[in-house]
Amino acid sequence: MTTSVRENVAVTGIGLVSAVGGAVTEVFDAVCEGRSGLVRPPADHALHGVVDVAAIGPAIDPESVIPAKDARIVDRSIVLAVRAAGDALADAGIEVGRDVDPYRVAVVLSGVGGLGTLAGQAVERSRRGRLGVSPFMLPGTLPNMAAARIAIRFGVRGYTSSVGTACAAGGQSVGEAMRILRAGDADVVVCGCTEAPLFPTFADAFGNALALARGWSDPTVASRPFDRRRNGLVLGEGAGVFVVERPGFARARGARVHAEVLGWAATSDAYHPTTPRPDGSSAAESMRLALRDAGLSTGDIGYLNAHGTSTKAGDAAEAKAIRSVFGDGMPPVSSTKGVTGHLLGVSGMVEAAISIMVLRNGLLPPTYNLDDPDPACDLNHVRKEPLPARVGAVMSNSFGFGGHNVSLILGPAS
Amino acid sequence: MVDEIRQFLLESLTEMKYSTEDIDDGTVLGPAGVDLESLALAELAMRVEDRYGVRFDEDEAETFAAMTVGEFCVAVEHRAQAASAM
């Protein structure tokens, strides 16, 4: 299976915003200890009475990250992204312009964009006509604006873009960053994803598609990946940003390296806009191609963080895909969404960060709420308690509406 | 009417998160003074239209940047009076 090995990239900065914390150590402790981020939306939240449960991130004053004059019509997703990017750059110890040429820094910052703000503006348009629509709506909502705001805020003048692959977008942003660095088109890439889906129109779209968990009196048990009684995902919001660098560049500036991305791959189901290909064949190929990209074999993977959203079809298809790749020798597998909820594209970033902590701490988080494993999800589950294990490489999967499959492989700093 | 327009302008600027300290009739609305940029000038034109029922086209809104507060108030007054006379 092993072919050519291409250059790894170093992860030197991590910034997260989520319902279970901002510091990666805090997030890792939450998923290991079962400290759930899932709550019933309180009375003052837009989703109160709309959904049973959600993973709600912290309140962040937009003016704390964006100039007040621009912050009136700006989507929460952009605010979360700028916050996470600032944290990631600080964690990496990088000041653009001081530590790296601004034209040698790229940004790949993804997500569905500011749909909540767009929905609000549509209501204003309906209520007040043309004068109800702000001229600031586009810079406040377009999906590229998180990347643009980060470039503006931190003085990044190199390549900037946004990946639109729904819930695979975070993982794919790391992959695109790897592609940019390997091509020599940048020395540093700020990559990640941001999502703010917790508003009624978006939640109702998921609910009406029968994709949301429902009927659980205790919100903390509503997300139950691979469990026989799972009945849908729990929507979450947040942002996740990595600073990744060419390893030589990181070494030369004396940076601390959290971990390295060893390889990645992306495939498409070519099957259905929302339903995953039932045999999991394209998802499996994504995992195989990522292994090949990293120059590893299945036996090298010591832990697999599954996409595992807690939907009937998605979990079963992923389990089938994992089994077809790894067979009986599969590594321990868990989905951390039982605790975090599903942060859509951001889940790939949160789970890659968790995977980095697995490498550093030698502890595998369990799948919480996996009380009764579904026989259709025949995996080597980590259940109930974290599992101590020193691992040399981990795989993190992300799959998105549209049939997008992304697999990342991470390893320790070399 | 100019006083009322000036008051409307100051309230609008406050809502748009611009400082109104040290603003007087001689303060320029654009970068040399209040520092309204292109989208903010467009929003100000919308606010004028919403309040006074007069419309400034794109080219006219861009000229706001070079106007002083006093000139802006007079321009709005003239436009509003012309509209009411029609």
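A residue is taken as buried if 20 or more other C-beta atoms lie within 10 Å of its own, as exposed if 12 or fewer do, and as partly exposed in between, with C-beta atoms placed from the backbone. The structure is a predicted model, in which local features need pLDDT of at least 70, side-chain atom pairs count only at pLDDT 80 or more, and totals for chains, interfaces and linings use all residues. Residues are numbered from 1 along each chain as its sequence is written, while chains are lettered from A and ligands numbered from 1 in the order in which they are written.

Chain A contains 12 helices and 14 strands, these being DSSP runs numbered from the N terminus (helices H or I, at least four residues; strands E, at least two). Of its 414 residues, 60% count as buried. The C-alpha trace of chain A spans about 60 × 55 × 40 Å along its principal axes.

In helix 5 of chain A, the buried residues are Met145(A), Ala146(A), Ala147(A), Arg149(A), Ile150(A) and Ala151(A). These residues pack against helix 2, strand 4 (105-110), helix 4 (137-141), strand 5 (160-161) and strand 6 (188-195) of chain A, contact requiring C-beta atoms, placed from the backbone, within 7 Å. Gly155(A), with a positive phi near 75°, follows helix 5 of chain A.

Helix 2 (residues 76-92) and helix 5 (residues 145-154) of chain A pack at an angle of about 45°, their axes 9 Å apart. Axes are lines fitted to C-alpha atoms, for helices over the stretch in contact, and angles run from 0 to 180 degrees between N-to-C directions. Helix 2 of chain A is therefore oblique to helix 5 of chain A (under 35 degrees is roughly parallel, over 145 roughly antiparallel, 65 to 115 roughly perpendicular, and the rest oblique). Helix 2 of chain A contributes Ser77(A), Ile78(A), Ala81(A), Val82(A), Ala85(A) and Leu89(A) to the contact, and helix 5 of chain A contributes Met145(A), Ala146(A), Arg149(A), Ile150(A), Arg153(A) and Phe154(A).

Arg6(A) lies in the segment before strand 1 (9-17) of chain A. Arg6(A) counts as partly exposed because 14 C-beta neighbours lie inside 10 Å. Residues up to four places away in sequence aside, Arg6(A) touches Arg182(A) and Asp293(A).

Notes. Contact = placed C-beta atoms within 7 Å.
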